[in-house]
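User: Please go through the labels attached to this model and say what each one rests on.

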Amino acid sequence: MGDCRDFEEVIARLPEFCCLAIDLPGHGRTEVRQDSDYQMENIAVGLIELLTELEIEQCFLVGYSMGGRIALYLTVNFPQFWLGTILESASPGLATQLERDRRIIDDLQLSQQLVTVDFAVFLTNWYANPLFKSFRVHPNYQQAIARRLQNNPLQLAKSLQHLGLGKQPSLWSDLAEIKTPLLLVVGSLDQKFLAINQTMFCIASQACLNIVEDTGHNIHFEQTIKFCQLLQDFLRECL
């Protein structure tokens, strides 16, 4: 539900690196011309085209939550571009078609709420999820919500319809083949994603797992300094 500005404080703490933050389709200021632009495969191609246009041959890739799933997809399908990949509170998707079918129904219901319910009320309900318990008590929570209210709920709804977890391909079977160094970062209070990332760590031979104590789903917001330290250590190890 956020945008690229969510990483401003992280970027400010990494002055030795040139950072590029990107709004995913449906978020922030990214313009979407057609519904197919929301599909993961097309988002990945668009990002690779952007790197090519900017003459960036290799770089590090960081993705949070939904962005983390896209980052993992990019790592699997375009490995030559990445010196290393950092996945924050991410997953390889849903393993079975039955799970994906059920999630499509749930995401469709959520997308309908986005266009029928007051957006501020929707965000309040969204962040009432236990997944975001520690996020809600952060001193800058209201500031983060104010920034999210600048998103377009109609575009967010389309993002859920076309890029929701149910529509994303499962990448579980690809984990063992990844040769790119992976840093998995997950909060100790985020029990669902903690279990997912522990399983990912056991499968992906190139992965290292870092569990950030007393933190939930949104680590870069809740524990910015710690997150930046993890990034710096990983980047320097890979260089």
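Analyst: Buried means under 20% relative accessible area, exposed means over 50%, and partly exposed lies in between, with a 1.4 Å probe and protein chains only. This is a predicted model, in which local features need pLDDT of at least 70, side-chain atom pairs count only at pLDDT 80 or more, and totals for chains, interfaces and linings use all residues. Residues are numbered from 1 along each chain as its sequence is written, and side-chain values use heavy atoms, with hydrogens and water left out.

User: What makes S89 count as buried?

Analyst: The relative accessibility of S89 is 0%, so S89 counts as buried (the limit is under 20%). S89 lies in the loop between β2 (82–88) and α4. Helices (H or I, at least four residues) and strands (E, at least two) are DSSP runs, numbered from the N terminus.

User: Why is S65 called buried?

Analyst: S65 has a relative accessible area of 18% and is therefore buried, the limit being under 20%. S65 is found in the loop between β1 (59–64) and α3 (66–77).

User: What is the phi of S65, and what is the phi of S89?

Analyst: Phi of S65 is near 55°, a positive value in a residue other than glycine. S89 is not a glycine either, and has a positive phi of about 50°. Most residues other than glycine have a negative phi.

User: Why is F135 called buried, and what does F135 touch?

Analyst: F135 has a relative accessible area of 0%, so it is buried. The place of F135 is in helix α6 (residues 133–136). Leaving out residues up to four places away in sequence, F135 touches Y127, Y141, A144, R148, N218, F221 and E222, where contact means heavy atoms within 4.5 Å.

User: Why are α4 and α8 called roughly antiparallel?

Analyst: The axes of α4 (residues 97–116) and α8 (residues 153–163) cross at roughly 175° and come within 8 Å. Angles under 35 degrees count as roughly parallel, over 145 as roughly antiparallel, 65 to 115 as roughly perpendicular and the rest as oblique. The two helices are therefore roughly antiparallel to each other. Axes are lines fitted to C-alpha atoms, for helices over the stretch in contact, and angles run from 0 to 180 degrees between N-to-C directions.

User: Which residues make the contact of α4 with α8, and how do they divide by class?

Analyst: D107, L110, S111, L114 and V115 of α4 meet P153, L154, L156, A157, L160 and Q161 of α8. The contact of α4 with α8 has eight nonpolar, two polar and one charged residues (Ala, Val, Leu, Ile, Met, Phe, Trp, Tyr, Cys and Pro count as nonpolar, Asp, Glu, Lys and Arg as charged, and the others, Gly among them, as polar).

User: How do you know that β3 and β4 pair?

Analyst: Two strands pair if DSSP finds at least two bridges between them. Six bridges join β3 (residues 182–187) to β4 (residues 207–212), and these strands run parallel. L182 stands opposite A207 in β4, and the bridge partner of G187 in β4 is V212.

User: What makes β1 and β4 edge strands?

Analyst: The open sheet has four strands in the order β1-β2-β3-β4, with parallel pairing. β1 and β4 each have a single partner strand, so one side of each is left without a neighbour in the sheet. The twist averages 15° from one strand to the next.
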